[in-house]
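Subject: The structure for you to look at

Hi there,

Here is the structure I wanted to hand over to you. Could you open it and follow along while I go through what turned up?

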Amino acid sequence: MGINLNPFTWWTGASWGTAFGLRGKARVGEDALGNVYYEGGQDTAGNPRRWVIYNGVNDSSRIAPEWFSWLHHQVADVPDRALPAARAWQLPAEPNLTGTALAYRPSGAMEKGGVRAQATGDYEAWTPDA
């Protein structure tokens, strides 16, 4: 049996302090990754305050683009009502994979053997006219 650290840690979701601070705020939606979005109160400019409570590790690249727009006041209403439906050819958003086994590594990367393709000799350096 493991210890539930969620009440004390902010990097794995909402701590008790965050949950206490969200009392009275309106839950406005949830994205496909399970992140929950809230709105309530006003900031110093008079704009409504908006929050995300991550489902799992707090990583801002795990916010869907449409919800990112909502969080940053680029759209006024929640994405389901403010934005058009996703197109059939659109892929779901991916989190940043840097530092993971799924990160992009070009053919010359050390993880792929470190051997680059030979230069073709078709490059001619630019020199200014004297």
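Let me start at R81, which is exposed, with a relative accessible area of 61%. In this email, buried means under 20% relative accessible area, exposed means over 50%, and partly exposed is in between (1.4 Å probe, protein chains only).

Before going further, a word on the model: it is predicted, so local features need pLDDT of at least 70 and side-chain atom pairs count only at pLDDT 80 or more, while totals for chains, interfaces and linings use all residues. Residues are numbered from 1 along each chain as its sequence is written, and side-chain values use heavy atoms, with hydrogens and water left out.

Salt bridges

R81 has a partner: its side chain meets that of D77 in a salt bridge, at 3.0 Å from N to O. The term stands for a side-chain nitrogen of Lys or Arg within 4 Å of a carboxyl oxygen of Asp or Glu. D77 itself is partly exposed, at 31% relative accessible area. By this rule there are four salt bridges in total. Another of them joins E30 to R27, with the closest N and O atoms 2.5 Å apart, and E30 is partly exposed at 44%. E111 and R105 also form one, their closest N and O atoms being 3.7 Å apart. Of that pair, E111 is exposed at 57%, whereas R105 is partly exposed at 23%.

The overall layout

The protein chain has three helices and three strands, and from the N terminus on they run α-β-β-β-α-α. Helices (H or I, at least four residues) and strands (E, at least two) are DSSP runs, numbered from the N terminus. Of the 130 residues in the chain, 23% are buried.

A buried aspartate

Which residue is buried yet has no salt bridge? That is D31, and the nearest side chain of opposite charge, R62, is 7.1 Å away. For this, Lys and Arg count as positive and Asp and Glu as negative, while His and the chain ends are not counted. D31 is found in the loop between β1 (26-30) and β2 (36-42), and it counts as buried because its relative accessible area is 8%. The side chain of D31 does reach the backbone nitrogen of N35, at 2.9 Å. D31 also sits 7.1 Å from A64, C-alpha to C-alpha, although the two are 33 residues apart in sequence.

Two loop residues

L22 lies in the loop between α1 (16-21) and β1, and is buried at 11% relative accessible area. L22 and Y38 are 16 residues apart in sequence, with 7.9 Å between their C-alpha atoms.

H73 belongs to the loop between α2 and α3. Most residues other than glycine have a negative phi. H73, which is not a glycine, has a positive phi of about 60 degrees. At 35% relative accessibility, H73 counts as partly exposed.

Now for the gaps. On a 1 Å grid over the protein atoms alone, a cavity is a set of points where a 1.4 Å probe fits but cannot get out, and a pocket is an open set with protein on both sides within 12 Å along at least five of seven lines; lining residues have an atom within 4 Å of a point. Points are joined across faces, edges and corners, and a volume is the space filled by probe spheres set on them.

The largest pocket has a volume of about 570 Å³. Its lining has 19 residues, with A64, P65, E66, A86 and Q90 nearest the centre. The elements giving two or more residues to that lining are α2 (65-71) and α3 (79-82), and the largest share, three residues, comes from α2. By class, the lining has 13 nonpolar, one polar and five charged residues. Here Ala, Val, Leu, Ile, Met, Phe, Trp, Tyr, Cys and Pro count as nonpolar, Asp, Glu, Lys and Arg as charged, and the others, Gly among them, as polar.

How many cavities of 30 Å³ or more does a search of the whole structure find? It finds one. The largest cavity holds about 30 Å³ of space and is lined by L33, S61, R62, I63, A64, A93, E94 and P95. Those residues divide into five nonpolar, one polar and two charged.

Conventions
A polar contact is a pair of N or O atoms within 3.5 Å; within protein, one must be able to donate a hydrogen and the other to accept it, and residues adjacent in sequence count only if both atoms are side-chain atoms.
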